[in-house]
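Keep the sequence and the coordinates side by side.

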Amino acid sequence: GDYVVIRKQNSASDGDYVVALYEGLNNLKELVIDNGRYILRSCNEDKERYGDIYPEEIQIQGVAVCVAHRLKKML
């Protein structure tokens, strides 16, 4: 239910939240760079279902710059 604002760009830094193309699908993940190796780390609490991805190559589509939460009506 959240909205994420993405800045379109093809590079990112360690710790950025990125939209990365992996196996033909875009994924919103945290980018971790460990000794030159890329890890796409899930931000979802269900780590078993949404585990880390260790791509050989990475194609960055953009970087998240803002998250907006939908407001709930108060009764």
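The structure holds 1 salt bridge, defined as a side-chain nitrogen of Lys or Arg within 4 Å of a carboxyl oxygen of Asp or Glu. Its partners are aspartate 52 and arginine 41, with the closest N and O atoms 3.2 Å apart. The pair links distant parts of the chain, 11 residues apart: aspartate 52 lies in the loop between E4 and E5, arginine 41 in strand E4. Strands (E, at least two residues) are DSSP runs, as are helices (H or I, at least four), and both are numbered from the N terminus. Aspartate 52 is partly exposed, with a relative accessible area of 29%. Arginine 41, at 30%, is also counted as partly exposed. Here buried means under 20% relative accessible area, exposed means over 50%, and partly exposed falls in between (1.4 Å probe, protein chains only).

A word on the source. This is a predicted model, in which local features need pLDDT of at least 70 and side-chain atom pairs count only at pLDDT 80 or more, while totals for chains, interfaces and linings use all residues. Residues are numbered from 1 along each chain as its sequence is written, and side-chain values use heavy atoms, leaving out hydrogens and water.

Glycine 51 is partly exposed, at 32% relative accessible area. Leaving aside residues up to four places away in sequence, glycine 51 touches Lys29, Leu40 and Ser42; contact means heavy atoms within 4.5 Å. Asparagine 10 is 41 residues from glycine 51 along the chain, and their C-alpha atoms are separated by 23 Å.

Now the sheet. In what order do the strands lie? The 5 strands form an open, antiparallel sheet in the order E1-E5-E2-E3-E4. E1 and strand E4 (37-41) stand at the edges with a single partner strand each, so one side of each has no neighbour in the sheet. From one strand to the next, the twist averages 50°. The axes behind such angles are lines fitted to C-alpha atoms, for helices over the stretch in contact, and angles run from 0 to 180 degrees between N-to-C directions. Two strands pair if DSSP finds at least two bridges between them.

Follow the pairing. Strand E2 (residues 17-22) and strand E3 (residues 25-34) run antiparallel, joined by 6 bridges. Valine 19 has leucine 28 in E3 as its bridge partner. E3 then pairs with E4, again antiparallel, over 5 bridges. There, valine 32 stands opposite isoleucine 39 in E4.

Now look at the loops. Most residues other than glycine have a negative phi. Glutamate 23, in the loop between E2 and E3, has a positive phi of about 50°. Glutamate 23 is exposed, at 69% relative accessibility. The hairpin of E3 and E4 has 2 residues between the strands, and in this hairpin asparagine 35 takes a positive phi near 55°. Asparagine 35 is exposed too, at 80%.

Last, the surface. Val4, Ile6, Tyr17, Leu28 and Val67 make a nonpolar patch of about 390 Å². Patches take residues with over 30% relative accessible area and no salt bridge, joining like charges within 9 Å and nonpolar side chains (Val, Leu, Ile, Met, Phe, Trp, Tyr) within 5 Å. Areas come from the Shrake-Rupley method with a 1.4 Å probe; for residues, only the protein chains shown count as cover. Valine 4 belongs to strand E1 (residues 3-8) and is partly exposed at 33%.
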